Amino acid sequence: MAAQPEPEIVLYDLACTKNVCFSPVVWRIRLMLNYKQIPYKTIFVEFPDIESTLKGLGLDPPESDGGRYTVPAIHHVPTNTSMMDSTLIAQFLESMYPNPPVPLTSELGREIEAKARAVGGPAFLTSVMPREVRILSPRSQEYFRRTREASLGHPLEDLLEAEKEEKMWQAVSEGMRAVGDLMRTHKAEGPFILGARPSYADFFIAGSLQCANVIDEDVFQRHMQFPGYREIYEACLPYMEKGD
Ligand SMILES: N[C@@H](CCC(=O)N[C@@H](CS)C(=O)NCC(=O)O)C(=O)O
(Lines give C-alpha, C1' and ligand atoms only; values in the text may rest on other atoms or scores of the structure.)
Protein backbone atom coordinates (compact mmCIF):
# COMPACT_ATOMS: atom_id res chain seq x y z
CA MET A 1 0.00 0.00 0.00
CA ALA A 2 1.34 3.45 -0.94
CA ALA A 3 2.43 5.50 2.09
CA GLN A 4 -0.01 8.29 2.94
CA PRO A 5 1.57 11.77 3.04
CA GLU A 6 1.87 13.25 6.53
CA PRO A 7 -1.18 15.46 7.24
CA GLU A 8 -0.45 19.18 7.00
CA ILE A 9 -3.89 20.11 8.29
CA VAL A 10 -5.95 18.81 11.18
CA LEU A 11 -9.61 19.53 10.40
CA TYR A 12 -12.06 19.77 13.30
CA ASP A 13 -15.48 18.56 12.17
CA LEU A 14 -18.82 17.60 13.73
CA ALA A 15 -19.28 14.02 14.86
CA CYS A 16 -22.30 12.01 13.76
CA THR A 17 -23.34 8.38 13.90
CA LYS A 18 -22.43 7.91 10.21
CA ASN A 19 -18.80 8.91 10.89
CA VAL A 20 -18.73 11.17 7.86
CA CYS A 21 -18.89 14.93 7.38
CA PHE A 22 -22.43 16.30 7.33
CA SER A 23 -21.92 19.97 8.15
CA PRO A 24 -22.50 22.17 5.08
CA VAL A 25 -19.93 24.68 6.33
CA VAL A 26 -17.24 22.07 7.03
CA TRP A 27 -17.92 20.56 3.60
CA ARG A 28 -16.92 23.86 1.97
CA ILE A 29 -13.48 23.59 3.54
CA ARG A 30 -13.23 19.87 2.94
CA LEU A 31 -14.03 20.41 -0.76
CA MET A 32 -11.18 22.92 -0.89
CA LEU A 33 -8.77 20.54 0.84
CA ASN A 34 -9.76 17.66 -1.45
CA TYR A 35 -9.65 19.77 -4.63
CA LYS A 36 -6.20 21.14 -3.75
CA GLN A 37 -5.07 17.69 -2.61
CA ILE A 38 -3.77 19.01 0.70
CA PRO A 39 -3.00 16.11 3.06
CA TYR A 40 -5.22 16.34 6.13
CA LYS A 41 -6.74 14.33 8.90
CA THR A 42 -10.06 14.83 10.66
CA ILE A 43 -10.93 15.05 14.31
CA PHE A 44 -14.67 14.61 14.81
CA VAL A 45 -16.01 16.50 17.81
CA GLU A 46 -19.39 16.12 19.52
CA PHE A 47 -21.51 19.31 19.66
CA PRO A 48 -21.12 19.79 23.45
CA ASP A 49 -17.33 19.40 23.17
CA ILE A 50 -16.70 22.01 20.44
CA GLU A 51 -16.03 24.87 22.86
CA SER A 52 -13.60 23.01 25.13
CA THR A 53 -11.78 21.45 22.14
CA LEU A 54 -11.28 24.78 20.38
CA LYS A 55 -10.34 26.54 23.62
CA GLY A 56 -7.69 23.85 23.94
CA LEU A 57 -6.24 25.10 20.63
CA GLY A 58 -6.04 28.59 22.13
CA LEU A 59 -8.83 29.94 19.91
CA ASP A 60 -11.19 32.82 20.66
CA PRO A 61 -14.46 32.94 18.72
CA PRO A 62 -14.82 35.80 16.23
CA GLU A 63 -17.19 38.67 17.12
CA SER A 64 -19.01 38.01 13.85
CA ASP A 65 -20.19 34.68 15.25
CA GLY A 66 -21.62 36.21 18.42
CA GLY A 67 -18.91 34.64 20.57
CA ARG A 68 -19.89 31.09 19.56
CA TYR A 69 -17.29 28.36 19.12
CA THR A 70 -17.99 26.64 15.80
CA VAL A 71 -16.49 24.20 13.35
CA PRO A 72 -14.80 24.11 10.93
CA ALA A 73 -11.55 24.86 12.71
CA ILE A 74 -8.10 23.83 11.55
CA HIS A 75 -4.60 23.39 12.87
CA HIS A 76 -1.95 23.95 10.20
CA VAL A 77 0.96 21.76 11.22
CA PRO A 78 3.85 23.38 9.21
CA THR A 79 3.20 26.85 10.67
CA ASN A 80 1.73 25.68 13.98
CA THR A 81 -1.28 27.93 13.37
CA SER A 82 -4.85 27.29 14.48
CA MET A 83 -7.96 29.12 13.32
CA MET A 84 -11.71 28.85 13.15
CA ASP A 85 -14.36 30.26 10.82
CA SER A 86 -14.78 29.00 7.28
CA THR A 87 -14.13 32.35 5.56
CA LEU A 88 -10.82 32.85 7.38
CA ILE A 89 -9.83 29.25 6.77
CA ALA A 90 -10.64 29.48 3.05
CA GLN A 91 -8.52 32.64 2.75
CA PHE A 92 -5.66 30.99 4.61
CA LEU A 93 -5.77 27.85 2.43
CA GLU A 94 -5.88 29.93 -0.74
CA SER A 95 -2.83 31.93 0.33
CA MET A 96 -0.81 28.89 1.50
CA TYR A 97 -1.88 26.51 -1.28
CA PRO A 98 -2.62 28.67 -4.34
CA ASN A 99 -2.58 25.79 -6.85
CA PRO A 100 -5.00 24.86 -8.20
CA PRO A 101 -6.64 28.21 -7.49
CA VAL A 102 -10.15 28.45 -6.01
CA PRO A 103 -11.58 31.93 -6.69
CA LEU A 104 -13.07 32.91 -3.33
CA THR A 105 -15.35 35.65 -4.62
CA SER A 106 -16.94 36.70 -7.88
CA GLU A 107 -19.88 38.88 -8.72
CA LEU A 108 -21.91 35.93 -10.03
CA GLY A 109 -20.88 33.73 -7.10
CA ARG A 110 -21.98 36.38 -4.61
CA GLU A 111 -25.34 36.81 -6.34
CA ILE A 112 -25.94 33.06 -6.41
CA GLU A 113 -24.93 32.59 -2.79
CA ALA A 114 -27.20 35.41 -1.61
CA LYS A 115 -30.16 34.17 -3.67
CA ALA A 116 -29.59 30.52 -2.76
CA ARG A 117 -29.57 31.46 0.93
CA ALA A 118 -32.73 33.52 0.51
CA VAL A 119 -34.75 30.90 -1.39
CA GLY A 120 -33.13 27.63 -0.28
CA GLY A 121 -32.59 28.68 3.35
CA PRO A 122 -36.21 28.09 4.41
CA ALA A 123 -36.22 24.68 2.74
CA PHE A 124 -33.03 23.78 4.57
CA LEU A 125 -34.33 24.99 7.90
CA THR A 126 -37.62 23.11 7.51
CA SER A 127 -36.49 19.87 5.88
CA VAL A 128 -32.84 19.30 6.81
CA MET A 129 -32.28 20.85 10.24
CA PRO A 130 -34.99 18.91 12.17
CA ARG A 131 -33.79 15.62 10.63
CA GLU A 132 -30.17 16.31 11.63
CA VAL A 133 -30.94 15.25 15.19
CA ARG A 134 -31.50 11.67 13.95
CA ILE A 135 -27.82 11.18 13.07
CA LEU A 136 -26.39 12.54 16.32
CA SER A 137 -25.17 10.66 19.37
CA PRO A 138 -27.43 10.88 22.45
CA ARG A 139 -25.19 13.60 24.01
CA SER A 140 -25.18 15.70 20.86
CA GLN A 141 -28.90 15.11 20.35
CA GLU A 142 -29.62 16.54 23.79
CA TYR A 143 -27.43 19.62 23.07
CA PHE A 144 -28.82 20.13 19.56
CA ARG A 145 -32.46 19.79 20.60
CA ARG A 146 -32.02 22.11 23.60
CA THR A 147 -30.21 24.88 21.69
CA ARG A 148 -32.29 24.72 18.49
CA GLU A 149 -35.65 24.43 20.22
CA ALA A 150 -34.73 27.42 22.42
CA SER A 151 -34.27 29.58 19.33
CA LEU A 152 -37.22 28.10 17.41
CA GLY A 153 -39.58 28.32 20.38
CA HIS A 154 -41.12 24.92 19.56
CA PRO A 155 -40.13 21.24 19.14
CA LEU A 156 -37.98 20.43 16.08
CA GLU A 157 -40.59 17.97 14.85
CA ASP A 158 -43.20 20.74 14.42
CA LEU A 159 -41.24 21.73 11.28
CA LEU A 160 -41.88 18.31 9.79
CA GLU A 161 -45.68 18.36 9.72
CA ALA A 162 -46.31 16.96 6.25
CA GLU A 163 -48.62 19.67 5.00
CA LYS A 164 -46.35 22.48 6.21
CA GLU A 165 -43.31 20.93 4.62
CA GLU A 166 -45.08 20.47 1.26
CA LYS A 167 -46.32 24.05 1.29
CA MET A 168 -42.83 25.30 1.98
CA TRP A 169 -41.40 23.34 -0.97
CA GLN A 170 -44.12 24.67 -3.25
CA ALA A 171 -43.37 28.20 -2.09
CA VAL A 172 -39.62 27.97 -2.78
CA SER A 173 -39.65 25.90 -6.00
CA GLU A 174 -39.89 28.77 -8.45
CA GLY A 175 -37.12 30.67 -6.70
CA MET A 176 -34.86 27.61 -6.62
CA ARG A 177 -35.44 27.04 -10.31
CA ALA A 178 -34.43 30.64 -11.01
CA VAL A 179 -31.23 30.38 -8.90
CA GLY A 180 -30.47 27.05 -10.57
CA ASP A 181 -30.75 28.79 -13.96
CA LEU A 182 -28.31 31.43 -12.76
CA MET A 183 -25.87 28.66 -11.82
CA ARG A 184 -25.91 27.60 -15.48
CA THR A 185 -24.85 31.03 -16.80
CA HIS A 186 -21.53 29.59 -18.05
CA LYS A 187 -22.84 26.15 -18.98
CA ALA A 188 -21.26 26.36 -22.44
CA GLU A 189 -17.80 26.44 -20.79
CA GLY A 190 -18.43 23.86 -18.06
CA PRO A 191 -20.63 22.68 -15.19
CA PHE A 192 -19.39 25.14 -12.53
CA ILE A 193 -20.66 28.62 -11.73
CA LEU A 194 -17.71 30.27 -13.48
CA GLY A 195 -17.47 27.59 -16.19
CA ALA A 196 -14.77 24.97 -16.41
CA ARG A 197 -13.27 25.13 -12.91
CA PRO A 198 -14.80 25.30 -9.45
CA SER A 199 -14.90 28.38 -7.27
CA TYR A 200 -15.76 28.70 -3.59
CA ALA A 201 -19.42 29.42 -4.52
CA ASP A 202 -19.63 25.93 -6.07
CA PHE A 203 -18.35 24.48 -2.81
CA PHE A 204 -21.03 26.43 -0.95
CA ILE A 205 -23.74 24.80 -3.12
CA ALA A 206 -22.20 21.31 -3.22
CA GLY A 207 -21.51 21.37 0.54
CA SER A 208 -25.13 22.17 1.33
CA LEU A 209 -26.36 19.42 -0.99
CA GLN A 210 -23.95 16.90 0.50
CA CYS A 211 -25.20 17.81 3.96
CA ALA A 212 -28.76 17.05 2.82
CA ASN A 213 -27.54 13.82 1.23
CA VAL A 214 -25.94 12.54 4.44
CA ILE A 215 -28.94 13.55 6.56
CA ASP A 216 -31.87 12.43 4.40
CA GLU A 217 -31.86 10.89 0.92
CA ASP A 218 -35.40 12.09 0.03
CA VAL A 219 -34.68 15.69 0.92
CA PHE A 220 -31.44 15.51 -1.06
CA GLN A 221 -33.32 14.19 -4.12
CA ARG A 222 -35.78 17.07 -3.87
CA HIS A 223 -32.87 19.51 -4.20
CA MET A 224 -31.37 17.52 -7.07
CA GLN A 225 -34.50 18.05 -9.19
CA PHE A 226 -33.34 21.59 -9.85
CA PRO A 227 -31.03 21.95 -12.83
CA GLY A 228 -27.95 23.94 -11.88
CA TYR A 229 -27.85 22.50 -8.36
CA ARG A 230 -27.60 19.02 -9.87
CA GLU A 231 -24.78 19.87 -12.29
CA ILE A 232 -22.67 21.52 -9.61
CA TYR A 233 -23.15 18.64 -7.21
CA GLU A 234 -22.25 16.04 -9.82
CA ALA A 235 -19.20 18.02 -10.98
CA CYS A 236 -17.98 18.27 -7.36
CA LEU A 237 -18.35 14.52 -6.69
CA PRO A 238 -14.62 13.79 -7.26
CA TYR A 239 -13.82 16.26 -4.46
CA MET A 240 -16.26 14.67 -2.03
CA GLU A 241 -14.70 11.24 -1.99
CA LYS A 242 -12.86 11.93 1.27
CA GLY A 243 -15.51 12.79 3.83
CA ASP A 244 -13.82 11.63 7.01
N1 LIG B 1 -19.30 31.42 10.85
C2 LIG B 1 -19.03 30.07 11.00
C3 LIG B 1 -20.31 29.30 11.22
C4 LIG B 1 -20.04 27.83 11.30
C5 LIG B 1 -21.17 27.08 11.97
O6 LIG B 1 -22.28 27.59 12.19
N7 LIG B 1 -20.86 25.82 12.33
C8 LIG B 1 -21.82 24.99 13.03
C9 LIG B 1 -21.83 23.62 12.40
S10 LIG B 1 -22.49 23.68 10.75
C11 LIG B 1 -21.36 24.81 14.47
O12 LIG B 1 -20.18 24.56 14.71
N13 LIG B 1 -22.26 24.93 15.44
C14 LIG B 1 -21.91 24.75 16.82
C15 LIG B 1 -23.09 24.93 17.73
O16 LIG B 1 -24.20 25.08 17.26
O17 LIG B 1 -22.85 24.90 18.94
C18 LIG B 1 -18.25 29.60 9.79
O19 LIG B 1 -18.58 29.96 8.65
O20 LIG B 1 -17.28 28.90 10.01
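This is a predicted model: local features need pLDDT of at least 70, side-chain atom pairs count only at pLDDT 80 or more; totals for chains, interfaces and linings use all residues.
What share of the 244 residues in the protein is buried? I started my notes there, and the answer is 34%.

**Overall build**

I looked up the secondary structure next and got 9 helices and 4 strands. Reading along the sequence, I wrote the pattern down as β-α-β-α-β-β-α-α-α-α-α-α-α. The radius of gyration is 18 Å, close to the 18 Å that the globule rule gives for 244 residues, so I can call the protein as compact as a globular protein of that length.

**Two domains**

The domain assignment gave me domain 1 at 9–96 and domain 2 at 107–240. Their C-alpha centres lie 20 Å apart. Then I looked at where they meet: 18 residues of domain 1 are in contact with 21 residues of domain 2. Which element gives the largest share of the domain 1 side? It's helix H1 (residues 24–36), with 7 residues. Sorting that side of domain 1 by class, I got 12 nonpolar, 3 polar and 3 charged residues.

**What the UniProt record says**

UniProt has "domain: GST N-terminal" at residues 22–95, from an unreviewed entry. In the model, that span is 41% helix and 19% strand, and its end C-alpha atoms lie 26 Å apart.

The unreviewed UniProt entry also places "domain: Glutathione S-transferase UstS-like C-terminal" at residues 122–217. I checked this span too and got 68% helix and 0% strand. Its end C-alpha atoms are 18 Å apart.

**Around the ligand**

My last stop was the ligand. Which residues surround it? I listed Leu-14, Ser-23, Val-25, Phe-47, Ile-50, Asp-65, Thr-70, Val-71, Pro-72, Asp-85, Ser-86 and Thr-87. By class, I counted 6 nonpolar, 4 polar and 2 charged residues in this shell.

Terms used. Residues are numbered from 1 along each chain as its sequence is written. UniProt positions are given in the numbering used here, feature names are shortened, and annotations may be inferred rather than shown by experiment. Helices (H or I, at least four residues) and strands (E, at least two) are DSSP runs, numbered from the N terminus. The radius of gyration is taken over C-alpha atoms; the globule rule is 2.2 Å times the number of residues to the power 0.38. A residue is buried if 20 or more other C-beta atoms lie within 10 Å of its own, exposed if 12 or fewer, and partly exposed in between; C-beta atoms are placed from the backbone. A residue is near a molecule or strand if its C-beta atom, placed from the backbone, lies within 6 Å of it. Ala, Val, Leu, Ile, Met, Phe, Trp, Tyr, Cys and Pro count as nonpolar, Asp, Glu, Lys and Arg as charged, and the others, Gly among them, as polar. Domain bounds come from an automatic or database domain assignment. Two residues are in contact if their C-beta atoms, placed from the backbone, lie within 7 Å.
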